[in-house]
Amino acid sequence: MPRTRRLVGTMTLVVALIASPMAAIAKQPANSGSTAIGQVFFPNPVAQLQDQSLTDMKDADYAALQPAYKSVTLTNLDGSGYLHGAWASVVSETGAPAFSTNGHYVYTRHDDRFEQVMAYYWVTRAQLYLQSLGFNGVKYRGINMDPQHVRINQLGYDNSFATDHPKDEMRFGKGGVDDAEDAEVILHEYGHQIHFSQSATFFGSEEAGAISEGFGDYWAADVTNLFAPTLDPECVADWDSVSYTRLTTAHPVHCLRRLDAPKLYPDDLVGEVHRDGEIWSHALWDIRTAVGATKADTSMLRAQFDWSGTTMPALAQRIVAAARATYDNATANAVQAAFEGRGIL
């Protein structure tokens with residue numbers, strides 16, 4: 001069984017207030033337009049190559065992984081030569097920071113700088129997607145619109161988490177497949193940062209914590225399948241999970257968690273946020289399937305601003321209302337039906 005202690009979102013340390021859109025925009029580096037070439041997994045080797053036999057092999061850069069590397073454009077860099085930019089700022093204390101004078105950040109996975117490039121690329125990609133939906137401080141309020149601090153391999157154990165206290169940052173651990181080698185782990189943690197940014201009271205209950213875990217899984221699959229589609233989009237963190245999931249006839253693929261787990265609210269609540277989050281993530285994925293990513297994501301994100309952090313039905317009602325206000329009754333009815341399908345409404 002996949003471990004459920006991983007990808008923990010901090011639920012008790014929420015102290016940051018939501019900045020105004022103009023204040024967030026003012027935090028951008030003066031030179032936010034520089035670009036460079038980087039090398040990443042897109043989103044991860046297991047999903048890309050459809051090869052369940054891949055293993056960590058102690059960070060080795062072995063032959064079977066070579067087709068998974070992809071050259072990408074790194075955007076919004078500040079021109080310093082480091083991976084610092086308008087929407088991501090990478091910090092590493094376990095090795096040399098990635099630095100380039102020629103605009104090339106091309107590393108392989110045996111080098112910790114590869115994970116730095118992964119984090120910079122996917123965090124920036126997530127923010128640019130938010131802005132493409134209109135969450136840019138002009139059409140709608142901005143979300144996490146400042147350079148997101150990212151620490152690579154800061155944990156001596158196999159876990160990652162997002163926090164806004166004492167610093168607003170994401171921290172990625174090592175052990176087995178290092179966490180920042182999998183884009184869906186990075187994006188899951190960014191999902192928590194979205195909630196920190198949207199509401200200072202979001203994490204007001206255990207059920208709200210389950211919502212955030214479910215949204216993190218949904219956001220990981222949502223963003224990667226917009227830009228790096230996979231054949232099994234409901235499977236989250238295929239690569240990261242190879243070190244601790246065992247393949248069986250009943251479970252023939254590596255997954256941290258799935259977005260299609262047959263769970264219902266409230267019968268399948270067990271009081272563990274990651275497991276309970278699978279109820280919420282399934283409902284969100286059904287919404288996306290019904291109305292498309294743009295309408296689904298816009299409705300969800302608009303509903304989450306200033307939420308008080310109570311129950312799944314309470315936030316579901318807000319999402320239905322946001323879908324109706326932003327789009328139309330048909331969209332709202334489809335959202336309603338998806339939540340009803342999981343027993344949430």
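Contact here means heavy atoms within 4.5 Å. These close-ups show a predicted model, in which local features need pLDDT of at least 70, side-chain atom pairs count only at pLDDT 80 or more, and totals for chains, interfaces and linings use all residues. Residues are numbered from 1 along each chain as its sequence is written, and side-chain values use heavy atoms, with hydrogens and water left out.

**View 1. Tyr140 and its neighbours.** Let's start in the loop between helix 3 (112-132) and strand 6 (148-155), where Tyr140 is found; helices (H or I, at least four residues) and strands (E, at least two) are DSSP runs, numbered from the N terminus. Leaving aside residues up to four places away in sequence, Tyr140 touches Leu133, Gly134, Phe135, Thr298, Arg302 and Thr326. With a relative accessible area of 13%, Tyr140 is buried (under 20% relative accessible area, with exposed over 50% and partly exposed in between; 1.4 Å probe, protein chains only). From C-alpha to C-alpha, Tyr140 and Arg302 are 8.1 Å apart in space, while 162 residues separate them in sequence.

**View 2. Helix 8 and what covers it.** Thr326, one of the residues that Tyr140 touches, also belongs to the buried set of helix 8, together with Met312, Pro313, Leu315, Ala316, Ile319, Val320, Ala322 and Ala323. The cover over these buried residues includes helix 5 (206-227), helix 6 (273-291), helix 7 (293-304) and helix 9 (329-341). Helix 8 itself (residues 312-326) has 15 residues and reaches 21 Å from its first C-alpha to its last, close to the expected 21 Å (1.5 Å times one less than its number of residues). Look also at the start of helix 8, where a side-chain oxygen of Thr311 comes to within 3.2 Å of the backbone nitrogen of Ala314.

**View 3. The disulfide of Cys235 and Cys255.** Searching the whole structure turns up 1 disulfide, meaning a pair of cysteine sulfur atoms within 2.5 Å. It joins Cys235 to Cys255, with an S to S distance of 2.0 Å. The link of Cys235 and Cys255 is left-handed, with -125° about the S-S bond. Cys235 lies in strand 9 (residues 235-236) and Cys255 in the loop between strand 9 and strand 10 (257-258), so the pair ties together parts that are 20 residues apart in sequence. Both cysteines, Cys235 and Cys255, are buried.

Definitions and conventions: Polar contact = N/O pair within 3.5 Å; in protein donor to acceptor, adjacent residues only side chain to side chain.
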